[in-house]
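Then read on for a short tour.

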Amino acid sequence: FFVSPEQITGGRVTITGPDVVHISRVLRLGPGDVITVMDGRGKGYRVRLTGITGTAVEGVILEQFIPGGEAPLKVTLVQGLSKGDKMDIIIQKSTELGVSCVVPLACRRSVVRLTPAKARERQQRWQRIALEAAKQSRRAIVPRVTEVMDLPAVLDLISPGALALMPWEEERELSLKAALRGQSCGEVFIFIGPEGGFAAGEVAVARERGVLSVSLGPRILRTETAGLATLTMILYELGD
Ligand code: SAM
């Protein structure tokens, strides 16, 4: 179970929300049973349950541990806003694969246009999807899904020393494989365009800021395939 750090105080843990029903009615756990709790930021706790009410589960921490399973490499997937349930799938699958952060990107060719209220609602939904996927994959962290951002704002997020890659189907010079050769960075940003791809102007702006446009090969991948394939290849080459 994931809890926020504020739910862990003085050697005790308080679980609230939908997990209460899951613990008490679905798993039928009760006082004396031991569960594993993550704070979503890389710390794990073995917790003995001490009490269950209709709204909260209380427990006492038996031990703290640093869970394994997280790649030392931090990968942020900057995903062009795409149609239907594609963002849901991308967030779920990239969490399973080991992404650290997902940034929904409003692109020139994004068909989807969200009002600020709708964008907030979607962000909350996507963050819940990341949480559920992190639980099922036994991740030690829950990847953050940021608010919907535009390209200049995301380019400002790239820290010095990070590798930033923009798969672009028009790229003929540099392959992803060549771009990763000899790299030993701790942080990577992947920029993926929406269904209509990136506009040439967007690629030019990104390149000016040090982002490398790369080819993923001769076949054009769907937007929901491109990010997941790139993430997988990067974690294979540079992470674990
Ligand atoms: N029309 C399809 C769709 O509806 O999904 C293909 C979209 S493709 C243009 C979307 C993004 O995937 C591109 O902006 C690029 O980031 C990435 N991409 C797909 N195939 C690629 C390739 N062979 N090389 C580099 N990038 C690629």
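The tour starts with the whole protein and then moves to a few of its parts.

What you see is a predicted model, in which local features need pLDDT of at least 70 and side-chain atom pairs count only at pLDDT 80 or more, while totals for chains, interfaces and linings use all residues. Residues are numbered from 1 along each chain as its sequence is written.

**The whole protein**

The protein has seven helices and 12 strands. These are DSSP runs, numbered from the N terminus: helices are H or I with at least four residues, strands are E with at least two. Along the principal axes, the C-alpha atoms fill a box of roughly 60 × 40 × 30 Å. Of the 240 residues, 34% are buried. Here "buried" means that 20 or more other C-beta atoms lie within 10 Å of a residue's own; 12 or fewer makes it exposed, anything in between partly exposed, and the C-beta atoms are placed from the backbone. Two residues are in contact if their C-beta atoms, placed from the backbone, lie within 7 Å. Among contacts between residues at least 6 apart in sequence, 74% join residues at least 24 apart.

Let's begin with H2. Its 12 residues reach 16 Å from the first C-alpha to the last, close to the 16 Å expected at 1.5 Å a residue. The expected span is 1.5 Å times one less than the number of residues. Which residues of H2 are buried? They are Met87, Ile90, Ile91, Ser94, Thr95 and Leu97. Because they cover an arc of only 160° around the axis, they sit on the same side of H2. That arc is taken from the directions from the helix axis to the C-beta atoms. An α-helix has 3.6 residues a turn, so residues three or four places apart point the same way. The buried residues of H2 pack against E6, strand E7 (101-106), helix H3 (116-136), strand E8 (144-145) and H7. Just after H2 comes Gly98, with a positive phi of about 125°.

Now for H7 (residues 223-238). Its 16 residues should span 22 Å at 1.5 Å a residue, and its end C-alpha atoms are 23 Å apart, which agrees. Its buried residues include Thr223, Glu224, Leu228 and Ile234. What do they pack against? The partners of the buried residues of H7 are strand E6 (74-80), helix H2 (86-97), strand E10 (163-167), helix H5 (176-180) and strand E11 (187-192).

**Around the ligand**

Of the 17 residues around the ligand, Pro167, Gly193, Gly197, Arg222 and Ala226 come nearest. A residue counts as near if its C-beta atom, placed from the backbone, lies within 6 Å. By class, the shell has eight nonpolar, five polar and four charged residues.

Most residues other than glycine have a negative phi, and most peptide bonds are trans.

| Residue | Phi | Loop |
|---|---|---|
| Arg138 | about 55° | between H3 and E8 |

Are they buried or exposed? Arg28 is exposed, with 8 other C-beta atoms within 10 Å, and Arg138 counts as exposed with 12.

**One last residue**

Thr50 is found in strand E4 (residues 44-52). It counts as partly exposed, with 14 C-beta neighbours inside 10 Å. Leaving out residues up to four places away in sequence, Thr50 touches Pro31, Glu58, Gly59 and Val60.

Conventions: Ala, Val, Leu, Ile, Met, Phe, Trp, Tyr, Cys and Pro count as nonpolar, Asp, Glu, Lys and Arg as charged, and the others, Gly among them, as polar.
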